[in-house]
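Biologist: Could you walk me through how to read a fold, step by step? I would like the general idea each time, and then the case at hand.

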Amino acid sequence: MIIKQCITALFLTVLFLSCGAAQDNTPREDDAGKTPVSSQKAAPEASSSEPRESPKTVVYYFHTSFRCHTCHMIESLAKEAVEKEFADELKSGEMIFKSVNIENEENKHFVKNYKLYTKSIILSLVSGDKEQKWKNLDKIWQLVKKPDKYKDYVIEEINRLRAPAKG
């Protein structure tokens, strides 16, 4: 009886952790350990005579090969919100939604780049070939069971990322 309870507890713990339910909301730092990367911005270009390309927004859903029902919901709700609210931007190429399996060799660098530890939605603002800033949507696990709030959160964070910097 005790062995069965131990095995059940171990199985539930592994399942809980593999689906990313344990969230760490501590601020992330860049490799230099200075400022949170999610709010880090690249330095402005020195020359203003060159035409500037409009920033592109990339909405990434990072996952592994194994995905539970909740993991699939995280992707589908985010994609649904983006497709409904930003249809014109998706059509014009100003915005891209990418589902990326981080277990594929060519995608493993994302784990380090974005300090991923679970399935995640990352927003990235890219100008030319340079990422200007990015943000990990760390509330998706808390909101996934509330679809309307989840979608509102994704839309709000995209708009916040794309808003011109103040100051």
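Modeller: Gladly. Let us start with burial: a residue counts as buried when its relative accessible area is under 20%. Keep in mind that this is a predicted model. Tyr 114 has a relative accessibility of 4%, so Tyr 114 counts as buried.

Biologist: Where is Tyr 114 placed, and which residues does Tyr 114 touch beyond those up to four places away in sequence?

Modeller: Tyr 114 lies in the loop between helix 4 (109-113) and strand 3. Leaving out residues up to four places away in sequence, Tyr 114 touches Tyr 60, Phe 62, Ile 122, Ser 124, Glu 131 and Trp 134. There is also a pair to look at in space: Tyr 114 and Asn 136 are 22 residues apart in sequence, with their C-alpha atoms 7.8 Å apart.

Biologist: Let me step back to the whole chain. How many helices and strands are there, and in what pattern do they follow along the sequence?

Modeller: The protein chain has six helices and four strands. Read along the sequence, the pattern is α-β-α-α-β-α-β-β-α-α. Of the 167 residues, 35% are buried. The chain exposes about 10900 Å², and carbon and sulfur atoms supply 55% of that area. Among contacts between residues at least 6 apart in sequence, 67% join residues at least 24 apart.

Biologist: Now the sheet. What is the general idea of strand pairing, and in what order do the strands stand here?

Modeller: In general, strands of a sheet pair through backbone hydrogen bonds, either parallel or antiparallel. Here four strands form an open sheet in the order 2-1-3-4, with mixed pairing. Strand 2 (95-101) and strand 4 (130-136) are at the edges with a single partner strand each, so one side of each has no neighbour in the sheet. From one strand to the next, the twist averages 25 degrees.

Biologist: Which strand pairs are parallel and which antiparallel?

Modeller: Strand 1 and strand 2 pair in the parallel sense over seven bridges, and His 63 stands opposite Asn 101 in strand 2. Strand 1 and strand 3 run antiparallel, joined by seven bridges; there Lys 56 stands opposite Val 126 in strand 3. Strand 3 (residues 120-127) and strand 4 are antiparallel too, with six bridges, and Ser 127 stands opposite Lys 130 in strand 4.

Biologist: What packs on the sheet, and at what angles?

Modeller: Helix 2 (residues 69-85) packs on the sheet and touches strand 1 (56-63), strand 2 and strand 3, its direction making about 170 degrees with that of strand 2. Helix 6 (residues 147-162) also packs on the sheet, touching strand 1, strand 2, strand 3 and strand 4, and its direction makes about 25 degrees with that of strand 3.

Biologist: Why is strand 1 described as largely enclosed?

Modeller: Seven of its eight residues are buried, so strand 1 is largely enclosed by the rest of the structure.

Biologist: How do I check the length of a helix?

Modeller: Compare its end-to-end span with the span expected at 1.5 Å a residue. The 17 residues of helix 2 should span 24 Å, and its end C-alpha atoms are 24 Å apart, which agrees. Helix 6, with 16 residues, reaches 23 Å from its first C-alpha to its last, close to the expected 22 Å.

Biologist: Is Lys 151 buried or exposed, and what does Lys 151 touch?

Modeller: Lys 151 is buried, since its relative accessible area is 17%. Beyond residues up to four places away in sequence, Lys 151 touches Leu 77, Glu 80 and Ala 81.

Biologist: Last topic: which residues touch the most other members of the largest nonpolar core?

Modeller: In that core of 26 residues, they are Val 59, Ile 74, Ile 121, Ile 140, Tyr 150 and Ile 158. Strand 1, helix 2, strand 2, strand 3, helix 5 (140-143) and helix 6 each supply at least two residues. A second, separate core has eleven residues, including Val 58, Val 100, Tyr 114 and Ile 122.

Definitions and conventions: Residues numbered from 1 in each chain as written. Predicted model: local features only at pLDDT ≥ 70, side-chain atom pairs only at ≥ 80, totals over all residues. Heavy atoms only, no water. Pairing = 2+ DSSP bridges. Axes fitted to C-alpha atoms, helices over the stretch in contact; angles between N-to-C directions. Contact = heavy atoms within 4.5 Å. Buried < 20%, exposed > 50% of the residue type's maximum accessible area, 1.4 Å probe, protein only. Areas by Shrake-Rupley, 256 points an atom, 1.4 Å probe, with all protein chains shown as cover. Core = buried A, V, L, I, M, F, W, Y, C linked by side-chain atoms within 4.5 Å.
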